[in-house]
Amino acid sequence: MSKQDAYIALMCSLPGSERLFVAKQPPLSRIRLERRLTALTADDAKVLNVLEHTLSWSAYDMDVTDVQAIQRCKQALKDIPQPTLRKLFMERMELRSVIAALRLRKRGEPAPSGPFGVGRWSRHIPAHWTDPTFGLDTPMPWLKEAHQLLEDEDPLGLERLLLSISQKQLKRHAARHMFDFEAVAIYVLIWNIFDRWAQSSATEAAKRFEKLAQQAMADVADIDFEGASV
């Protein structure tokens with residue numbers, strides 16, 4: 001069977017996602033998903049592993065520092081050749097950067113003296129530190145709601161919002177990929193979002209986002225990501 005035929009068969013074997021926040025668990029178990037993913041070539045399986053390792057919501061767990069997260073980001077970009085996957089990867093890292101900035105500012109931290117975080121807005125964020133949404137309302141229209149949830153000290157609501165945004169970003173990319181490797185990778189990343197929500201609780205969400213606030217991305221802000229843009 002050709003690679004194309006194998007991936008068509010793989011995608012046709014995967015159940016469609018149910019509504020996020022309504023379904024109480026992912027559309028199939030991780031064990032069954034892993035069995036289907038054995039159809040991937042070795043090279044594609046390696047790229048998927050890199051994506052999951054750096055983008056899955058476990059990468060936000062408390063034992064992962066921002067220095068480690070950004071180093072993973074740099075290394076991952078070297079291992080992801082597909083333009084679509086590189087783009088969605090950077091979108092997720094930019095989301096994390098702006099949320100970390102919100103938390104730091106709420107904690108009373110002054111504007112970073114240099115670039116902050118990862119991606120296109122690393123210099124824009126410090127320059128607009130006093131603006132409630134860092135002047136990013138147009139590219140990130142959800143930031144106003146995220147800011148309010150943070151002010152209301154609603155970590156579970158904030159996590160729900162971020163998962164929803166991430167799912168929408170992935171579905172936008174999925175619309176251009178039906179039966180190729182990118183389609184499989186996006187399906188798995190959406191599966192991870194369902195799995196993350198199924199495991200969410202207010203207590204754990206509060207701990208996770210408090211940790212993000214404590215991890216000052218400004219400490220590693222001089223890392224050059226310009227070459228990572230797609």
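Is Arg 120 buried or exposed? I looked it up: Arg 120 counts as exposed, at 55% relative accessibility. My cut-offs are under 20% relative accessible area for buried and over 50% for exposed, with partly exposed in between (1.4 Å probe, protein chains only).

Basis. This is a predicted model, in which local features need pLDDT of at least 70 and side-chain atom pairs count only at pLDDT 80 or more, while totals for chains, interfaces and linings use all residues. Residues are numbered from 1 along each chain as its sequence is written, and side-chain values use heavy atoms, with hydrogens and water left out.

Fold. I found 10 helices and zero strands in the protein chain. Helices (H or I, at least four residues) and strands (E, at least two) are DSSP runs, numbered from the N terminus. I noted that 51% of the 230 residues count as buried. I also looked at contacts (heavy atoms within 4.5 Å). Among those between residues at least 6 apart in sequence, 75% join residues at least 24 apart. The accessible surface (Shrake-Rupley method, 1.4 Å probe; for residues, only the protein chains shown count as cover) comes to about 11400 Å², and carbon and sulfur atoms hold 50% of that.

Salt bridges. I required a side-chain nitrogen of Lys or Arg within 4 Å of a carboxyl oxygen of Asp or Glu. The count by this rule is eight.

Glu 94 sits in helix α5 and Arg 120 in the loop between α5 and α6, so the pair links distant parts of the chain, 26 residues apart. Glu 94 counts as buried, at 5% relative accessibility.

Next I checked Asp 44 and Lys 3, whose closest N and O atoms are 3.1 Å apart. Asp 44 lies in helix α3 (residues 42–55) and Lys 3 in helix α1 (residues 3–13), so their bridge ties together parts that are 41 residues apart in sequence. Asp 44 is buried at 6%, whereas Lys 3 is partly exposed at 44%.

Arg 107 and Glu 109 also form a salt bridge, at 3.1 Å between the closest N and O atoms. Arg 107 is partly exposed at 38%, and Glu 109 is partly exposed at 33%. I also logged a network of salt bridges that links Arg 30, Glu 34 and Glu 52.

Loop. Pro 115 is in the loop between α5 (83–106) and α6 (124–127). Its relative accessible area is 22%, hence partly exposed. Pro 115 lies 6.8 Å from Pro 126, C-alpha to C-alpha, with the two 11 residues apart in sequence.
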